[in-house]
Amino acid sequence: MGRRTFIIDCDTGTDDAIAIIAALYSKDMEVVALTSVNGNVAHQYTSKNNLNLVEYLKADQVLVAKGAEIPLYPRGNYYGTTHGQTGLGTITLPEAKIRTFCEDNAIEMIRKEAKKQKGNLELLVIGPMTNIAMAISLYPEIISEIKHIWFMGGAVRGGNVTTTAEFNIWVDPVAAKIVINSGIPMTMVGLDVTERAILNRDDEQRVRKAGTKASILVADILEYMFSRHSEGGEDAMMHDALALAAAIYPECLTCIDYYVDVECEGVYTAGHTMVDVRGKLGKKPNVSVAVDLDINKFKEWLIGCIESSV
Ligand code: BDR
Ligand code: CA
């Protein structure tokens with residue numbers, strides 16, 4: 001089997017950057033484009049981070065397209081401090097001098113690639129789902145042309161923004177509702193598993209020792225995450241790389257098919273992913289949901305991808 005074709009839709013983001021780097025050096029996939037969305041930080045930063053990253057890593061074959069600057073259902077300012085002011089913590093990548101953004105925006109990019117790949121395009125969605133919702137709303141014919149969506153978002157239980165909502169879904173619940181109800185085959189990798197996907201200092205040392213440009217960048221991002229954690233922030237959780245693992249190395253996860261929908265309103269529940277684990281609603285499952293993780297397998301795989309960078 002040849003390499004599988006992916007677009008990564010992302011709000012880069014520290015852990016997004018690590019997922020992108022692992023994807024770029026995975027033998028199993030070809031990343032045709034990075035499409036950016038507003039999320040962890042404003043779109044001006046997430047898009048620039050993607051452009052700077054591909055130039056820095058000389059990923060010349062990867063197209064970079066700009067996407068949505070605001071959610072379909074904006075509800076105020078939600079930029080936090082988790083990813084620093086520009087999205088990459090304290091890391092400053094050199095400004096891209098050669099690479100430029102594609103003329104096509106994210107929506108057009110997804111439409112064109114879906115057609116071009118004739119049913120073989122897969123999407124790794126690791127930010128709010130605004131671009132994907134817009135693409136399938138504008139061009140519903142691509143619903144049958146997208147092979148699978150692997151997304152980081154939601155949770156069976158709990159949340160990291162509110163008691164019931166995970167960040168990516170919370171930022172744009174309307175977009176998530178459109179995508180999750182689209183009928184496209186999909187896998188949800190939520191906080192139930194991603195909050196356990198934590199790298200530690202030993203892992204960071206191993207990654208740094210590989211000594212490549214990419215591995216040193218990952219190690220520097222991890223350093224930022226450790227210092228953030230020591231100041232009371234989030235640990236070095238590999239939320240987005242775990243969604244990549246679901247696609248490329250599913251052996252590290254256990255998934256169960258459930259019916260999932262999204263709550264868009266509610267004082268306490270906006271952005272909640274309703275996962276019908278007991279089948280109370282009698283509806284056909286629409287999402288394969290990651291419920292358990294083999295952390296050692298995941299870490300070996302992720303570190304292996306980064307160590308293999310050239
Ligand atoms: C998600 O939100 C972002 O902070 C991360 O990049 C991840 O995609 C986790 O809730
Ligand atoms: Ca993200």
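Started at Lys 118, which I find in the loop between helix H3 (106-116) and strand E4 (121-125). Helices (H or I, at least four residues) and strands (E, at least two) are DSSP runs, numbered from the N terminus. Lys 118 is not a glycine, yet its phi is positive, near 45°. I get 71% relative accessible area for Lys 118, so I file it as exposed. For the record, buried is under 20% relative accessible area, exposed over 50% and partly exposed in between (1.4 Å probe, protein chains only).

Housekeeping: this is a predicted model, where local features need pLDDT of at least 70 and side-chain atom pairs count only at pLDDT 80 or more, while totals for chains, interfaces and linings use all residues. Residues are numbered from 1 along each chain as its sequence is written, chains are lettered from A and ligands numbered from 1 in the order written, and side-chain values use heavy atoms, without hydrogens and water.

Next, Lys 58, in the loop between helix H2 (43-56) and strand E3 (63-65). Its phi is positive too, about 55°, and at 60% relative accessibility Lys 58 is exposed.

Then a peptide bond: Thr 12 to Gly 13 is cis, omega near -15°. Gly 13 sits in the loop between strand E1 (4-10) and helix H1 (14-24).

Ile 126, in the loop between E4 and helix H4 (130-138), and Asp 240, in helix H10 (239-248), are 114 residues apart. Both are buried, Ile 126 at 1% and Asp 240 at 2%.

Last, ligand 1. I checked its polar contacts (pairs of N or O atoms within 3.5 Å; within protein, one must be able to donate a hydrogen and the other to accept it, and sequence neighbours count only if both atoms are side-chain atoms). A polar side-chain atom of Asp 15 is 2.5 Å from a ligand 1 oxygen. For the side chains of Asn 40 and His 83, I noted 2.9 Å to an oxygen of ligand 1.
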